[in-house]
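Subject: Structure handover

Dear colleague,

Here is the structure we spoke about, with its sequence. My notes on what was found follow below it.

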Amino acid sequence: MAQRRLTDFFARRRPGDSARLPRAKPAWRTPSPAKSAPCAAAPGPGSSRKRARPPAEPTRDEHVPPARKRLKLPADAVSGRSSPAAPGSPEHPSPQSKETKKAARSAGGRPCLAARENKVPSKVTLSELKSCLQRAQELGARVQELKASAQKDAGEPSAPEDEGRLEGPCGEQMPAYQRFHALAQPGLPGLVLPYKYQVLAEMFRSMDTIVGMLYNRSETVTFAKVKQGVQDMMHKRFEERNVGQIKTVYPGSYHFRQERFVPTFKDGIKRSDYQLTIEPLLDQQAGSAAPQLTASRLLQRRQVFSQNLVARVREHHRAFLASLNPPMEVPEDQLTRWHPRFNVDGVPDIEPAELPQPPAVEKLTTAQEVLARARSLMSPRMEKALSDLAQRTAEPSSPRSPSLAQPATPPATPPAAPPSALKGVSQALLERIRAKEAQKQLAQMTRRPEQEQRLQRLERLPELARVLRGVFVSERKPALTMEVACARMVGSYRAAMSPGEMEKHLQLLSELLPDWLSLHRIRTDTYVKLDKVADLAGVMEQLARLARAEETL
């Protein structure tokens with residue numbers, strides 16, 4: 001047997017000329033049920049050597065959906081096609097149907113869009129929509145009437161409709177973070193200032209800082225310098241109107257003047273122009289040098305400004321309490337928070353005080369002024385012509401001079417009728433209910449922060465008592481250390497709380513119910529002992545009663 005050569009092996013494995021041809025990419029097209037069989041029977045030269053799988057023949061029961069969706073005509077078109085004499089039928093094609101088919105073909109095979117565009121909503125649908133819209137308007141008007149009647153029943157002054165959408169100085173609606181700024185303050189409720197008042201206090205702080213820097217180095221303080229510095233610090237617009245508001249709140253803070261020939265280093269301002277200069281008013285001690293605006297004085301002036309702002313809000317709050325039914329009166333030294341229904345951010349803006357204005361330059365506007373000024377420079381003929389012109393211009397304006405309109409006296413408002421919802425209710429009962437509600441609100445407004453914290457702890461005690469009993473039951477011990485008990489309760493309570501705050505709750509619980517929970521101090525540790533035999537429902541009810549009694553005080 002002859003030995004085969006290595007070259008014969010490579011010659012046998014060498015591909016033919018047909019394999020050198022480039023492989024053609026198969027054309028991916030949407031299969032058609034009519035052409036699927038022939039395409040499968042004739043594979044291209046670049047196809048694989050695997051046998052093509054014969055197409056599955058559909059059975060009679062199965063329904064093979066076509067690859068392309070057919071046009072679904074509306075019901076009226078189908079009924080028209082079924083009738084032999086319909087104008088839109090294949091026997092009698094109408095020009096409109098031909099145009100529709102052409103538009104569908106030009107749309108890229110989307111005839112459903114053309115069919116939808118030709119649809120016209122029926123009159124019944126439009127009438128239903130109109131009736132629903134009318135019904136919704138009636139319900140909205142009914143809701144407004146119910147709200148107005150509810151406010152009258154409560155016996156309080158009805159708030160204006162635009163109370164929720166306050167407007168700024170330029171007339172635009174204020175954003176929500178300004179309208180509800182007082183409601184989003186963290187911590188315990190107190191005498192919170194409105195948002196615009198807080199912005200004004202920040203402007204005063206920035207302005208005082210800039211004025212102090214310029215004043216301490218003996219530089220003339222102008223409004224242009226202060227404006228640029230305040231806007232760089234606050235990133236807010238600072239105008240003369242804000243300076244007028246600061247003067248209204250704190251009149252003894254600055255002294256304003258209009259001066260000329262102030263050295264400036266700006267091209268837009270001339271030395272001969274009048275500028276508003278600002279000078280801080282400081283108490284000068286006898287025998288001392290010129291006072292300086294030090295940090296302690298800046299802090300003192302800032303506190304005075306904030307106190308004046310709070311005093312202004314107090315005035316509006318006092319007027320609000322006087323308008324209630326029955327009216328309330330709270331001593332100023334006992335007021336710790338605003339009334340719950342007092343809209344703090346709805347307080348009106350501060351009216352700016354009048355600042356010194358540059359002296360007006362005399363301008364000649366009428367012929368009489370020109371004649372009085374240049375009488376000596378004119379000839380008699382020109383003087384006579386100007387006097388005649390002055391008389392002619394003065395005659396038509398004299399009879400038309402409008403008289404001062406008398407202020408119309410507002411009509412007397414009739415007494416408010418009793419609300420319809422309270423008919424048949426005794427007036428004495430209503431007075432007692434309103435007096436009790438006013439007493440409760442008065443207690444809230446005069447409550448100190450320590451009392452507020454104690455009330456919050458009392459409200460948590462019923463649930464904490466249930467959690468503490470569960471801890472003792474799970475631990476199966478007669479007594480637990482304070483650290484262990486607080487750690488277990490912090491992990492079991494629904495709200496996040498520190499172990500130190502939980503220990504204060506346990507101490508308050510032992511003060512209120514010493515028979516149920518007792519604390520024992522042994523050496524350096526404090527042990528908590530609980531009476532497991534006592535009824536938990538009775539303990540929780542007693543704690544809730546104590547919380548209600550404390551709240552009414």
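Which residues form one aromatic cluster? They are Phe204, Tyr250, Tyr254, Phe256 and Phe305.

Before the details, the basis: this is a predicted model, in which local features need pLDDT of at least 70 and side-chain atom pairs count only at pLDDT 80 or more, while totals for chains, interfaces and linings use all residues. Residues are numbered from 1 along each chain as its sequence is written, and side-chain values use heavy atoms, with hydrogens and water left out. Helices (DSSP runs of H or I, at least four residues) and strands (runs of E, at least two) are numbered from the N terminus.

Aromatic pairs

The structure holds seven aromatic pairs. Rings of Phe, Tyr and Trp (its six-membered ring) pair if their centres lie within 6.5 Å; planes under 30 degrees apart count as stacked, over 60 as edge-to-face and the rest as tilted. In one of the pairs, Phe204 and Tyr250 have ring centres 6.0 Å apart and planes at 55°, so this pair is tilted. Phe204 belongs to helix H8 (residues 195–216), and Tyr250 sits 46 residues away in the loop between helix H10 (240–249) and strand S1 (254–259). Buried means under 20% relative accessible area, exposed over 50%, and partly exposed in between (1.4 Å probe, protein chains only). Phe204 is buried at 1%, and Tyr250 also counts as buried, at 15%.

Phe204 makes a stacked pair with Phe305 as well, at 4.4 Å centre to centre and 5° between the planes. Phe305 lies in helix H11 (residues 295–322), 101 residues from Phe204. Its relative accessibility is 1%, so Phe305 is buried.

Helix H8 also holds Thr209, which is partly exposed with a relative accessible area of 24%. The C-alpha atoms of Thr209 and Leu293 are 8.9 Å apart, although 84 residues separate the two along the chain.

The sheet

Three strands make an open sheet in the order S3-S5-S4, with antiparallel pairing. Strands S3 (479–481) and S4 (517–522) are at the edges with a single partner strand each, so one side of each has no neighbour in the sheet. The twist from one strand to the next averages 30°. Two strands pair if DSSP finds at least two bridges between them; S3 and S5 (residues 525–530) have three. Leu480 stands opposite Val528 in S5.

Helices around the sheet

Contact here means heavy atoms within 4.5 Å. Axes are lines fitted to C-alpha atoms, for helices over the stretch in contact, and angles run from 0 to 180 degrees between N-to-C directions. Helix H15 (residues 449–475) lies across S3, S4 and S5, at about 95° to S5. Helix H16 (residues 482–492) packs on the sheet and touches S3, S4 and S5, at about 90° to S3.

The axes of H15 and helix H17 (residues 499–512) come within 9 Å and cross at roughly 85°. Angles under 35 degrees count as roughly parallel, over 145 as roughly antiparallel, 65 to 115 as roughly perpendicular and the rest as oblique; H15 and H17 are therefore roughly perpendicular. Residues in this contact include Leu461 and Leu464 of H15 and Leu508 and Leu509 of H17.

Regards
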